[in-house]
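Here is a short report on one protein model.

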Amino acid sequence: MNLESVRAFVAVAEEGQFRHAAARLGVTQQAVSKRIAALESYLGVALFRRVPTGAVLTGHGESFLPHARAVLMAVRQAVASVRTAGEPLRVDVLRSHLASAEILRDFHRTHPDIPLETVTLAKADAAVRALLDGEIDVAFAYLRSPVEERDPLLKSAFVHFEGLDVVVGARHPLAGAEQLGPGDLGPFTAWMPGIVSGSEWGEFYREFGEAFSLVIDSSGPNFGPESLLETIGASSSLITFVGRKTRLTWPEDESLRRIPLTSPTPTYPWSLVWHSHNRHPGLRDLVSYMRAGFRPPGRAAKVWLPGGTDFPARQVF
């Protein structure tokens, strides 16, 4: 049985389309089709049923999927067994200026001897796939559903609850406030051009907007944080949101205010996600570091969490 055919099968099963699986594997769609055909010929059964939207597993495919994943995991474990001690811990931080990267920087200051390699994947789903494929060791993400439902060997834990700030220009009517509540923002449009449709943070802001009747506009090209802040700084009507640990550099000649949101504080729930079979020594140290530093909101804290966040029923570690 060809290992690349097994890898292609798992990719199509998870992506639902041969085209997306090909992009994930870095090969042509024709190559994926040939690998699936060879695997089906070897097994003597059809693994997929073609539909207008892509491909769905047959009964045989559903039976084969957990075993195919186990084969790939066994290969990853074999590779991990001969890893060099100095191989970096591969960590998905989503974006280099977000709280996840700041947290990892703090970890690096405490453990400078542990080599790190950061990646910035597009969504939590991409991070989960990379964990299952052995492409990364650990990821920071907002999980809208328990990751253990995807694969029982995956583990996750809350590691940081990040409050939001609102950013306004110096001429904005809210610029003089020391703190604001979500109810103060109703008359203004929040411009968030970096929101990716279907992403976990997109769903976070959708729920947040609906909960407090806020207009959150994600239209327009995203030219990065500095361009966004230039637009906000020049406006007397637009606002934008940033996480409290998000690292920002004010554009030159722009006077902006970063104001905490309170009563309640909209809170973004970051989790750490890893594979239970991963034996990288740096992963153990990172998990221990996050465990020691985790501080959940107190029972009296006035916070707003998205509806899918099961807390405090879902505990850390």
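## An aromatic pair

Phe107 has 0% relative accessibility, so it counts as buried (under 20% relative accessible area; exposed is over 50%, partly exposed in between; 1.4 Å probe, protein chains only). Tyr289, at 24%, counts as partly exposed. This is a predicted model: local features need pLDDT of at least 70, side-chain atom pairs count only at pLDDT 80 or more, and totals for chains, interfaces and linings use all residues. Residues are numbered from 1 along each chain as its sequence is written, and side-chain values use heavy atoms, with hydrogens and water left out.

Rings of Phe, Tyr and Trp (its six-membered ring) pair if their centres lie within 6.5 Å; planes under 30 degrees apart are stacked, over 60 edge-to-face, the rest tilted. By this rule there are 17 aromatic pairs. Phe107 and Tyr289 have ring centres 5.4 Å apart and planes at 65°, so they are edge-to-face. The pair links distant parts of the chain, with Phe107 in helix H5 (residues 99–110) and Tyr289 in helix H9 (residues 281–293), 182 residues apart. Helices (H or I, at least four residues) and strands (E, at least two) are DSSP runs, numbered from the N terminus.

## The nonpolar core

A nonpolar core is a set of buried Ala, Val, Leu, Ile, Met, Phe, Trp, Tyr and Cys residues joined through side-chain atoms within 4.5 Å. The largest has 46 residues; Phe140, Phe241 and Leu272 touch the most other members. Elements that each supply at least two residues of this core include H5, strand S5 (138–141), strand S11 (265–275) and H9. Apart from it lies another core, of 19 residues, among them Ala21 and Leu47.

## Strand S11

Eleven of the eleven residues of S11 are buried, so the strand is largely enclosed by the rest of the structure. Two strands pair if DSSP finds at least two bridges between them. S5 and S11 run antiparallel, joined by four bridges. Phe140 has Leu272 in S11 as its bridge partner. S6 also pairs with S11 in the antiparallel sense, over nine bridges. Strand S12 (residues 303–304) pairs with S11 in the parallel sense, over two bridges. Here Pro266 has Trp304 as its bridge partner.

## Helix H3

In H3, Val32, Ile36, Leu39 and Glu40 are buried. Seen down the helix axis, the buried residues of H3 fall within an arc of 100° (taken from the directions from the axis to the C-beta atoms), so they line one face. The face turned away carries the exposed residues Gln30, Lys34, Ser41 and Tyr42. Just after H3, Gly44 takes a positive phi of about 75°.
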